[in-house]
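Dear colleague,

I am handing over the structure below, and my notes on what was found in it follow directly after.

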Amino acid sequence: MEHKNCVLELRDVSKSFPGVKALDRVSIRFRPATVHALIGENGAGKSTLMKILMGFYTDYAGEILLLGQRLTHAGVRQALEAGISMIHQELMYVPHMTVAENLLLGREPASRFLKRIDRREARRQTQQLLNQVGLDLEPDRLMKDLNVAERQMVEITKAISYHAKIVIMDEPSSSLSQHEVERLCGIIAQLKDRGVTVIYISHRLEEVFRIADEVTVLRDGRVVGAARVSEIDADRVIAMMVGRELADVFPRRTRRPGPVILSVRNLGRKGAFHDVSFDLHRGEIVSLAGLMGAGRTEIIRCLFGLDRYDQGQILVNGKEVPIRSPADALRLGLGLVSEDRQTTGLVPCLSLRANITLSNLDLCSWGPIVSWGREEKLVERMVGDLRIKSPDTREMVANLSGGNQQKAVLARALLGEPNVLLLDEPTRGIDVGAKAEIYKLMGRLAHEGKAILMASSELPEVVGMSDRVIVLSSGAVTRQLDRDQASAANILRNAMAN
Amino acid sequence: MPEHNIVPRDGNAMQKYGLVIAFAAICAVLSIRSPAFLTPQNAINVLRQISINAILAVGVTYVILTGGIDLSLGSVVAVTGVLAATFAHPDTYPLAVPIAVGILGGVLIGVLNGLVITRFRVAPFIATLGMMTIARGGALILSGGRPVSNLAASFNFIGNGSVLRIPIPILILAGVFLVSRFILRRTTFGRYVYAVGGNEEAARASGINTHGIKVASYAICAGLAGLAGIVQASRITTGQPNAGISYELDAIAAVVIGGTSLSGGIGSVTGTLLGALLIGTLNNGLDLLNVSSYYQQVVKGLIIIGAVILDRRKRSR
């Protein structure tokens, strides 16, 4: 029997999204009663893989074998019934229900007649489940009153209670304290003893090496390495994660920093980041690097006035300035390309044209009246300059490709001729050609003397584009690296330190 | 000159032509069935009948474009009508006073709505639902619960007079429509209204004072309701504290039939006007055909729901 040493096997699993190959013939074997870590950079394909396993995506190529049998699950419910449970990164629970109600949601003990819920029995079952994992919680407490770690533990309890053969944990430790991580490790060991396979997705190598028995590294949708943890070390894993040579998509630039234009002194926002200080020179590209939740986006948002900072100062051209709203930031010569063009960047139902001129309508209006002629001219210039492809500038922006949408957001920021450009994930979700164009443009803008602050989770672009890298971990700067020190491995090492 | 600069060409054209075709079809059927339908006099009747609803609908289009809603309009019609009427007794104030008082009263209520929604982050539905009751109470308090009658002839002329044989309410509606069309299509303010409704976060990140835009939209909306209140009071030569009940729903219905999205960012006052015309024409035609008004309500309801289903279909493509 082959499945004696393989509870779950992926064979040549591939999955494409429009324009991106998210998974490319991924084959992995998961052995019973082991902890199998799955690691890789953001966008390596981990989440897609897990979503396939959980039945969120059913249109993939290749096959999945559970205990030697081909799995043809048509949805999440089937995955649960097949014995696969997942603890999500974003917890899924009903905040206004109690711990017991959440744990037993969908399978409450109920009377035969009228399906009245038997509260006493529910409490008993809940207590039993909680005892199993050694969680000391009152079953009647409301979910919303628990802290994040407690909620996470409840979710784990729930996942286990489905008698799962396979439990997937997606970054389970990201919101846990050291003490709670200990308890999580204990629970994972217990699960292993009971013959459960744990698929553990994490960025934290230290934990991976402590908990896992085996590790598989994904990069760009492919498996680039798999090994027993006892036979590999952290440096080797980092090398595999980073791997790729820096392609020639990055323009050659000579660094010519001018005077300081933006300074940040001990900037902080409660719960997001603290004591962040750095200078940004004209003609310079500086990156904010760090893992998810390190505070990159939050810093950019505060600099642009989208969120308030409650600590420290921002100086533009050496003068302290309060930035309380995006209007303030724009007046001071800052421009923003925000992280998520769909939710914070574009107005999807408006035309390409209206989106580009949105923050600079005064450039093409007489008093309160917009001059369509002048607007068209301005927009035509930007569209030509950035090579935005659209049949007509009156086309609805939602109908453009991701790359062109991203360029539209850039065009809006550039129309105001900012001196400082804040770019948050400037190339997320766009194809390689468009990426290369944006990199080239960034090079040109820096050459023209603009200062660029980029927040990015993609290490190759951080390494390929930056004059300096500010590495963040848990909301604090751990290291500032100059270009010659800013290797991917070095950045990753500092980003994972805390 | 580009036809439409803000809202993309395709969807908008479809939506407009769809409405125009529906409207033409209804007119064709009605004129075959009833000889009285396609006469200039009847056309003027229809327009006069819809004028109050259409003014309200144009106003609430601003609010709905920002992604909001205003349920207080019917009560605003009552309170501003009463307010204007109390200043419109013969030989007291010049005509400008009741007009100014009525409109400004509406604007004030709109500003309050806007502030409650933006400063205190109350959902528009709730805020204006509250205002609906408050304004109705205000109308009853101001009038002591009794109709305010004995109004000056000059005031009554607004709702009942004609200029060049066109009733004044129609002229007011035409003015309101043309000015609003200009504001929403050609001015920066209009652009920001669409942007706030289309994606408030992106609008804010573009340096737009989103709160200001919203407050102004509610103010314009209620200000136009004040104007409608004046027309209404003048038409019935009385300030009626019980006037305007459920007018807000008829106005919202016209907006929705006109293709403006209740989630904001998409739509136009042209659509709204067509929507109001469609409802008015249908009511008129069914009257001429002696269809009971009970059935008319059912038909109106079906059209509202049908319009939204079509809209949903169009957008999911």
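How many bridges join S4(A) to strand S5 of chain A, and in which sense do the two run? S4(A) and S5 (residues 69-70) are joined by 2 bridges and run antiparallel, where strands (E, at least two residues) and helices (H or I, at least four) are DSSP runs numbered from the N terminus, and two strands pair if DSSP finds at least two bridges between them.

This is a predicted model, in which local features need pLDDT of at least 70 and side-chain atom pairs count only at pLDDT 80 or more, while totals for chains, interfaces and linings use all residues. Residues are numbered from 1 along each chain as its sequence is written, chains are lettered from A and ligands numbered from 1 in the order in which they are written, and side-chain values use heavy atoms, with hydrogens and water left out.

In the hairpin of S4(A) and S5(A), 2 residues lie between the strands, and Leu67(A) takes a positive phi near 50 degrees; Leu65(A) has Arg70(A) in S5(A) as its bridge partner. S4 (residues 61-66) also pairs with S1 (residues 8-17) of chain A, antiparallel and over 5 bridges, with Leu8(A) opposite Leu66(A).

In chain B, Ser261(B) lies in the loop between helix H11 (247-257) and helix H12 (269-288), and this residue is buried at a relative accessible area of 3% (buried means under 20%, exposed over 50%, partly exposed in between, with a 1.4 Å probe and protein chains only). Leu171(B), in helix H7 (residues 168-186) of chain B, is partly exposed, at 35% relative accessibility.

Best wishes
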